[in-house]
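Open the model in your viewer and keep the selection tool at hand.

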Amino acid sequence: MSTVIEAPAGEHEGEHDDHPTDRKYVEVAIVLGIVTALEVATYFVEMPGAVLIPMLMLMMVFKFFYVAAWFMHLRFDSPMFTKFFVTGLVLATIVYATMLTVFEFWHKG
Amino acid sequence: MADTSAVSHGHGTGTGLSNNKLLMWVFLGSECLLFGGLISTYLIYRSRFADGPAPGDIFDIPFTSVSSFVLLMSSLTMVLALSALQRGDIRNNRVWLLTTAMLGSLFIGGQVYEFTTFMREGLGYSTSPFSSAFFTLTGFHGVHVSLGIVMLMSLLVSSLRGTLTKERSETVEIVGLYWHFVDVVWIFIFTVIYLVPSPTT
Amino acid sequence: MSETMELEAPTRPIGVYTRPKGNTGWRDWVTTVDHKKIGILYGVTAMVFFVIGGFEALLIRLQLATPNGTVLGADTYNRVFTMHGVTMVFLVIMPLAAAFANYLLPLQIGARDVAFPRLNALSFWVFLAGGLFLNMAWIVGDAPDGGWFAYAPNTGMIFSPGKGMDYYALGLQITGIASLVSAMNLIVTVLNMRAPGMTLFKMPVFTWMILVVQFLLLFAVPVITVALFLLMFDRNFGANFFNPEMGADPLLWQHLFWIFGHPEVYILILPSFGIISEVIPTFSRKPLFGYPFMVFSGIAIGFMGWGVWAHHMFVSGIGPISVAAFSVSTMFIAVPTGVKILNWLATMWGGRIRFNTPMLFAFGVVSMFTIGGLSGVTHSVAPADTQQTDTYYIVAHFHYVIFGGALLGIFAGFYFWWPKCFGHLLGEKLGKWNFWLMIIGFNMTFGPMHILGLQGMSRRINSYSPGFGFDFWNMFASVGAFVIAVGVLLFVINVVASARKARTAPPVGLDPWDARSLEWFTPNPTPAHNFDEDIEVSSLDEFWHRKYGEDENGKVVRVATAEEVCQDGSATDTHLPSPSYWPIILAAGLPFVAFGLIYTLWFCVLGGTLIFMAIYGWIFEPVDDPDGPHGHHEGHGEDESGVDEATAETVEEAPVG
């Protein structure tokens with residue numbers, strides 16, 4: 001983990017150079033909570049699918065990577081870990097998206 | 001991470017990374033394909049509800065939102081447990097481990113409640129391709145959460161026996177990785193399965 | 001090993017667990033965590049399954065030798081060809097590759113062992129449990145009969161009401177766990193355990209190909225896991241994944257199976273490519289031509305293998321656009337494969353080739369795989385494929401790649417590395433007979449199937465009427481099958497005879513083939529601790545470069561003998577990981593869980609208890625390194641804390657189901 005030190009968390013204080021403080025974790029959780037609230041809010045507001053679905057996807061991706069970056073420490077840890085995870089993620093996305101395309105999933109809605 | 005563990009983990013390995021952590025990340029990469037398959041199956045079948053209820057008829061978004069929020073917050077408590085142990089704060093480590101396990105159990109309880117409600121409303125496991133796919137996907141996720149709870153409780157027992165010390169914080173970190181992964185899978189499921197408008201009868 | 005055990009293990013709250021001490025007799029083999037012994041166990045087990053699968057093949061050829069064959073009934077015939085396919089793919093070629101990977105990969109990267117020795121043992125025992133479970137279906141008289149790719153809904157309860165497909169679904173699930181655990185373990189091993197100086201691009205091509213295969217397994221196994229779960233839920237719990245009456249789509253199975261199934265093809269072939277990439281340079285006495293191209297084409301094959309699966313489904317009604325797209329991607333994948341063949345030929349070109357048995361088998365791979373590859377290209381042309389699908393032309397094609405490519409390569413590996421593993425050579429004379437009988441029998445059997453297929457003989461039929469023009473070539477193919485059988489028999493005789501001869505003959509030298517890579521730094525057979533000391537690697541083919549240098553005219557000359565270069569294996573202070581009971585106990589639990597799902601859930605309780613016990617035993621087992629601070633012993637890999645977490649999840653698939 002010698003590679004870790006290069007990316008300190010920004011507002012670190014004191015003993016822990018390479019990891020954020022508990023306060024930072026709580027802040028991250030609050031942000032996640034707010035985004036979740038926004039997501040749920042879309043359920044109560046009428047809007048066309050062309051707006052709604054990209055919006056939901058955007059918020060989902062944000063939450064996904066925010067958790068991975070902060071709680072799973074990918075932000076601070078070796079890029080090697082990110083590579084493994086992202087490889088699986090990208091491969092799964094491409095392969096299954098292709099499969100859904102062959103099923104004509106996107107047309108049938 | 002505290003300096004002692006920075007020395008004791010991953011020292012002498014080719015990449016300088018701990019074997020155990022690398023193993024967990026490799027495994028999580030693999031899990032993406034597992035959940036991808038289940039999610040795709042669900043997406044293909046979500047509008048094939050035969051004569052049974054459609055997803056849009058029975059999903060209870062406010063209820064699921066609450067349980068999703070519970071699981072999201074369990075990620076916070078998990079990371080606080082790790083952070084406590086890295087400081088050598090055994091007591092808070094135990095508190096947060098227990099809280100995480102309890103939040104996870106709450107989520108599972110919510111899932112059991114949801115499943116039984118759906119059953120009562122006429123959505124059995126064999127009702128339609130949609131129902132099979134829905135129960136299988138969320139069931140698999142539930143089993144992952146349950147295994148996570150078992151791991152958390154094992155850590156807690158280990159801590160009470162005095163073997164879960166600052167030097168072994170990597171174990172908590174690895175269980176944490178698994179736990180957060182299960183959480184991000186639910187982030188995906190919650191949006192794609194629940195929030196994106198589903199077909200109705 | 002025993003010295004370290006006599007020391008007091010660090011005190012643990014639960015001190016009742018001790019690690020086994022025996023390093024002799026059967027107990028040693030049952031509890032071993034040594035990658036070399038595990039490799040040998042894989043090899044022996046897979047060869048036993050090879051004999052079973054070969055016997056099934058002979059039954060098939062007996063049945064088809066004459067028109068209106070009466071050797072097997074239609075029902076039995078279905079079971080025999082299904083089990084032949086499943087056995088050869090999952091219980092023979094994959095574990096044989098695992099045998100070589102286990103034995104050689106740590107040696108080739110200069111490591112003490114794999115990163116997680118106990119997980120390694122677990123992989124083997126789980127594989128064995130899965131293989132035995134699958135073949136148990138014969139004993140209960142209900143072997144799977146739905147073909148190796150088990151198309152649903154044909155394999156659902158309505159059309160396959162027996163227990164056979166349950167054995168298939170659960171058995172493959174179990175072997176899948178073995179593959180997945182092994183894949184994770186070997187990936188970490190390659191990344192973390194390399195000798196000082198060995199960068200990724202100084203690794204032998206065999207290690208590279210095994211690494212690519214482990215990534216393919218890592219990502220492909222979960223896909224078939226999903227498919228098998230869905231099938232099992234359909235069959236046992238009344239789910240509707242493949243029930244068209246309820247609006248389900250049978251194509252779902254085909255997609256999931258082939259998303260796994262096509263990478264699986266490369267999982268089968270790439271280890272063999274790796275083996276002959278070691279054999280050909282050694283016996284051509286030249287470095288491998290275009291090493292980086294070899295590595296990158298292997299990676300490219302692994303990567304592109306994910307984008308071609310639907311060419312197995314050209315006649316399944318996936319629509320013209322999909323067919324066109326997958327047709328094109330399939331044509332592209334021939335390119336990296338062609339690069340490899342070209343490089344092997346270029347390696348041989350101008351070399352002073354020695355025609356030893358390993359080299360003969362390597363020739364066999366290059367030539368036979370090329371034929372199989374070319375017939376594969378004909379499948380990528382969708383209109384032609386429409387004619388060929390489900391005919392014997394396909395059967396011919398995949399036997400040319402899997403037998404002619406993968407299996408012959410594995411035999412090359414046997415002859416090449418036999419002295420490394422057992423300290424004596426296999427007989428050259430019998431070896432050459434072995435080769436020629438196998439290659440002639442192979443071409444007699446599968447060559448004519450191209451013709452039969454194009455004449456319209458469909459695959460999987462259990463008999464045919466006279467008068468279609470099928471008679472002669474079927475008889476010819478059946479004779480060929482028995483020629484192969486004699487060839488394999490000669491191999492077995494060779495193994496026994498050489499072992500007997502080796503008792504009196506002087507031991508094989510340090511470097512019987514004038515080889516090139518790190519595994520030959522150790523004496524033959526490899527001592528339990530592998531290397532006496534770490535090897536500083538400064539170039540690809542390190543072993544060769546220490547033996548040869550250049551004189552003042554730039555001519556390559558021998559500068560050192562193998563005796564000067566090799567280690568003598570005399571180190572005694574190397575720390576070895578202690579053996580463990582828990583891998584085999586954990587593995588033993590899995591078939592019980594599977595039986596429970598088929599018959600009565602009580603078995604699940606028994607299996608679950610075993611698994612639970614094993615996992616906790618594994619966790620609380622005393623750490624084997626008394627000097628390590630707090631139970632950590634860096635660099636040796638097996639840290640008891642993290643291993644159990646990983647195991648806890650890999651076994652989840654069993655109790656879940």
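This is a predicted model. Start by selecting residues 291-304 of chain C, which form helix α9. The helix has 14 residues and reaches 20 Å from its first C-alpha to its last. That is close to the 20 Å expected at 1.5 Å a residue.

Next, colour the buried residues of α9(C): Tyr291(C), Met294(C), Val295(C), Ser297(C), Gly298(C), Ile301(C) and Gly302(C). Look down the helix axis. The buried residues fall within an arc of 165°, so they line one face of α9(C). An α-helix has 3.6 residues a turn, so residues three or four places apart point the same way.

What covers the buried residues of α9(C)? Show α7 (205-237), α8 (251-284) and α10 (320-348) of chain C; the cover includes these helices.

Now pick Tyr266(C), in helix α8 of chain C. Is Tyr266(C) buried or exposed? It is buried, because 24 other C-beta atoms lie within 10 Å, and the cut-off for buried is 20 or more. Leaving aside neighbours within four places in sequence, Tyr266(C) is in contact with Leu216(C), Ile301(C), Gly302(C) and Gly305(C). Two of these contacts, Ile301(C) and Gly302(C), are also buried residues of α9(C).

Finish with the largest nonpolar core, which has 297 residues. Its largest share, 25 residues, comes from α7(C). Domain 1 (2-77) and domain 2 (78-109) of chain A both give residues to this core, so it lies between them. Select Ala412(C), one of the residues with the most contacts inside the core. Beyond its neighbours within four places in sequence, its contacts include Ile275(C), Val279(C), Pro358(C) and Phe361(C).

Technical notes: Residues are numbered from 1 along each chain as its sequence is written. Chains are lettered from A and ligands numbered from 1 in the order in which they are written. This is a predicted model: local features need pLDDT of at least 70, side-chain atom pairs count only at pLDDT 80 or more; totals for chains, interfaces and linings use all residues. Helices (H or I, at least four residues) and strands (E, at least two) are DSSP runs, numbered from the N terminus. The expected span of a helix is 1.5 Å times one less than its number of residues. A residue is buried if 20 or more other C-beta atoms lie within 10 Å of its own, exposed if 12 or fewer, and partly exposed in between; C-beta atoms are placed from the backbone. The arc is that of the directions from the helix axis to the C-beta atoms. Two residues are in contact if their C-beta atoms, placed from the backbone, lie within 7 Å. A nonpolar core is a set of buried Ala, Val, Leu, Ile, Met, Phe, Trp, Tyr and Cys residues joined through C-beta atoms within 7 Å. Domain bounds come from an automatic or database domain assignment.
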